[in-house]
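Thanks for coming. I will go through one structure today, beginning with the whole chain and then moving to a few local details.

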Amino acid sequence: MAEFRLQGSAMLVVRLTGDTVRAKNGSMVAYDGRMTFKKLTGGGNGLRGMVTRRLTGEQMEVMEVKGEGTVWFADSARDVSLVRLSGETLHVEAENLLCTEGGLRTGTSFAGLSGAAQGDGLFTTTVEGTGQAAVMSGGPVVALRVSPAYPLTVDPGAYIAHQGVVYVQPSERATFGGDL
């Protein structure tokens, strides 16, 4: 099983012992040991995934990394946070997903019309299963618990991901709704 840990706030270190991870294309900054890197079509979901992602606009360029040793991942010095999944589904903006363990499944789901009305889009990327995922943010991520008794409204430009906890960043990315 791949071992994820952070080195500083903007670097993910993954120790592999013959296993596989999927990471954002171009995010590998260094590695040691014996590794293979393979660009995957359709965000790692083959032709069906590629067609779905093109139709939904939830683009994700992914590479598969397999081997024995250590790999360092980063992207534009953005902060990295680890999310452990135990059978849940994490909904995450594709641009904020850095790396997932090889056993986790990724897909695309309908986010609802409210996201499109606010300029964030109709679809989001899903990560399902048991394992770890690394998400990126523009500054230290804040995790906010959500419950039916306490509804939460989040600026779409600050939204990163959710799964019973909403992850927001202390900065806003440009959204169509933010330009109105």
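**Overview of the chain**

The protein chain exposes about 9,200 Å², and carbon and sulfur atoms supply 54% of that area. Accessible areas here come from the Shrake-Rupley method with a 1.4 Å probe, and for residues only the protein chains shown count as cover.

Before going further, the ground rules. This is a predicted model, so to speak of local features we need pLDDT of at least 70, side-chain atom pairs count only at pLDDT 80 or more, and totals for chains, interfaces and linings use all residues. Residues are numbered from 1 along each chain as its sequence is written, and side-chain values use heavy atoms, with hydrogens and water left out.

Of the 180 residues in the protein chain, 46% are buried. Buried means under 20% relative accessible area, exposed means over 50%, and partly exposed is in between, with a 1.4 Å probe and protein chains only. The secondary structure comes to two helices and eleven strands. Helices (H or I, at least four residues) and strands (E, at least two) are DSSP runs, numbered from the N terminus. From that end the order is β-β-β-α-β-β-β-β-α-β-β-β-β.

Now contacts, which means heavy atoms within 4.5 Å. Among contacts between residues at least 6 apart in sequence, 72% join residues at least 24 apart.

**Confidence**

pLDDT is the predictor's confidence in each residue, from 0 to 100. Its mean for the protein chain is 84, and 79% of the residues reach 70 or more. Which element has the lowest mean pLDDT? That is helix H2, residues 113-117, with 40, while strand S1, residues 3-6, has the highest, 98. Over residues 113-120 the pLDDT is below 50, and this stretch has 16 contacts in the model beyond near neighbours in sequence. Residues 46-58 also stay under 50, and there the model has 25 contacts beyond four places in sequence.

**Strand S6 and its neighbours**

Next, strand S6, residues 97-101. Five of its five residues are buried. Two strands pair if DSSP finds at least two bridges between them. S6 is joined by three bridges to strand S2, residues 12-24, and the two run antiparallel. Three bridges also join S6 to strand S8, residues 123-137, again antiparallel.

What is the phi of Ser76? It is near 55 degrees, a positive value in a residue other than glycine. Ala77 likewise is not a glycine and has a positive phi of about 55 degrees. Most residues other than glycine have a negative phi. Ser76 lies in the loop between strand S4 (62-73) and strand S5 (79-92), and Ala77 is found in that loop too. Are these residues buried or exposed? Ser76 counts as exposed because its relative accessibility is 66%, and Ala77 counts as exposed because its value is 62%.

S5 pairs with strand S10, residues 159-162, in the antiparallel sense over two bridges. There, His162 is the bridge partner of His91. S10 in turn pairs with strand S11, residues 165-168, antiparallel over three bridges, with Tyr159 opposite Val168. S10 and S11 form a hairpin with two residues between them, and Gly164 in the turn has a positive phi of about 100 degrees.
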